[in-house]
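Here are a few friendly notes to read alongside the model. Keep the 3D view open and look for each element as it comes up.

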Amino acid sequence: MPDPSAPRWPLEPESQELRRLIDACAGFVVDQIDSLPSQPSWDVEGAEPVAASFVEPPPERGRAIEAVLERLRPAVAKSFNTAGPGYLAFIPGGGIPAAALADFVACAVNRFVGVAAAAPALARIEAQVIAWLASLMGYPPGAGGILTTGGSLSNLTALVAARADRLPEDFLKGTIYMSEETHLSVLKAARIAGFPEACIRLVPVDARRRLRPALLETMIEEDRAKGQRPFLVVANAGTTNTGAIDPLAEVFDLARRHGLWAHADAAYGGFFRLVPEGEARLRGIEAYDSITLDPHKGLFLPYGTGCLLVRDPAALRRAHGGQAGYLQDVSSGDGAPNFTDLSPELSRDFRGLRLWLPIQLHGLQAFRLQIQEKLDLAHRAYVELKDEPLLEMLDAPQLSIVAFAARPDHRGPELLRRVNARRRVFLSSTTMGGRYVLRLCVLSFRTHADRVRDAVAAIKEEARRLPDRP
Ligand SMILES: Cc1ncc(COP(=O)(O)O)c(C=O)c1O
């Protein structure tokens, strides 16, 4: 029986009902955020039945918002707590609440920013945000770029731009160079863009995991002698494993001399340039043809916020632009660029607001303070761990990752298991040169000195408690 009191068009709630729905969601969010410090750093035991409870046909009739949110609660709880202060695994960021508010507003106003004519001022906001990021990286006015969903898509977009800029249509002799430590997304991008494995060269790294420029040059020369067309080098401005920074200026000079497009993958490391210490370590990045940034890492935004910067936006346009009769009413004018000309996407979310609103609300200073704090916390953790004889530090942190092995190596997995079993912090591991390595990455805006102290204490205590042999 239809409910006679139900609204006829529930997809458009009346304003009072809309406010009630918003209030219910606001309550859910505030509870979530308030309880973060006391939540476990991870909790996926028993997640399977929770996941299975969502396997169902779509309901024909709607349910109360309270009931819907209640169902979400255990789904959120049974996960790695990527938003919490104890998340020191992989590459954190946290997800500042102001960005969630921006998404809420952006989705509710639902304007179309893919072409500037459809929302000139909103497209300008997004272009301005990109201009801010470009200037923070030391790019000159006139540089541009595109907001993406993350570093992987930024690296792909850069690779396609470089291919269009430097290679003929028949590009299979094109050769790409990157260090052994480069993120998997670059290898994936090469494959997606149509380059077989034979087009990819992994350059060996030095003891601090930085690309060795002399070897890069030899490889380029040998490839050219064999008839290959070297066209792109990807330098790391902070590797995922240890935060290693390739010799950016040297790699760039070499790229210039050999006519290669120089791309910097600064997905993890780029925003450290907002503080003088980071700027000094990343010197040279400002010369690169393109830079991948991940605001969902170093600017603490929620997942789904990436950026590709290019010195010359025309290169992006050459690779991605096009015309269609049904777009003739909205083709480019004098204002902001048409973002659809710079990326594979046409319709998409209004990503610019996610950066613009938090920067307006908090100012850059709030971000700079946090970024410096992350460098300091990682350094502190390194200093406190390096005197522990049961651990071997791989390197002093070049940014905010502390990488270390257990002594002997084979105790590493058990050490990680025990530290994480305390649920106060959550670390992750990697394999480097066949070695099992633990990583502590300080990048969440919610991680402060108390939690890093807990992490250090847990690592030392558990290392001492480990049996000699597993
Ligand atoms: C150096 C580096 N490049 C690229 C990526 C891929 O970025 P995303 O996960 O945003 O696609 C990551 C992710 O951790 C990274 O650390």
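1. Let's begin with the helices around the ligand. In this predicted model, helix H6 (151–166) and helix H11 (295–298) each contribute at least two residues to the shell around the ligand. H6 gives the largest share, with 3 residues.

2. Now look at the shell as a whole. The ligand is surrounded by 14 residues, and the closest are Gly151, Ser152, Asp265, Asp294 and His296.

3. For serine 152, an N or O atom in the side chain is 2.6 Å from an oxygen atom of the ligand. Threonine 240 also has a polar side-chain atom 2.8 Å from an oxygen atom of the ligand. As for cover, the ligand has 390 Å² of accessible area on its own, and the protein covers 84% of that.

4. Next, find strand E9 (residues 401–406). How many of the residues of E9 are buried? The count is 6 of 6, so to speak a mostly covered strand. In a regular strand, side chains alternate between the two faces of the sheet. You can trace this in E9: Ile401, Ala403 and Ala405 point one way, while Val402, Phe404 and Ala406 point the other way, and all are buried.

5. E9 also has strand partners to look at. Strand E8 (residues 391–393) is joined to E9 by 3 bridges, and the two run antiparallel. Across this pairing, glutamate 392 stands opposite alanine 405 of E9. Strand E11 (residues 435–441) is joined to E9 by 4 bridges, again antiparallel. Here phenylalanine 404 stands opposite leucine 438 in E11.

6. Finally, step back to the whole protein. It has 16 helices and 11 strands. Why can the protein be called as compact as a globular protein of its length? Its radius of gyration is 24 Å, close to the 23 Å that the globule rule gives for 470 residues, so the protein is as compact as a globular protein of that length. The C-alpha trace spans about 80 × 70 × 40 Å along its principal axes. Of the 470 residues, 49% count as buried.

Terms used:
Residues numbered from 1 in each chain as written. Heavy atoms only, no water. Near = heavy atom within 4 Å. Polar contact = N/O pair within 3.5 Å; in protein donor to acceptor, adjacent residues only side chain to side chain. Areas by Shrake-Rupley, 256 points an atom, 1.4 Å probe, with all protein chains shown as cover. Buried < 20%, exposed > 50% of the residue type's maximum accessible area, 1.4 Å probe, protein only. Pairing = 2+ DSSP bridges. Rg over C-alpha atoms; globule rule 2.2 N^0.38 Å.
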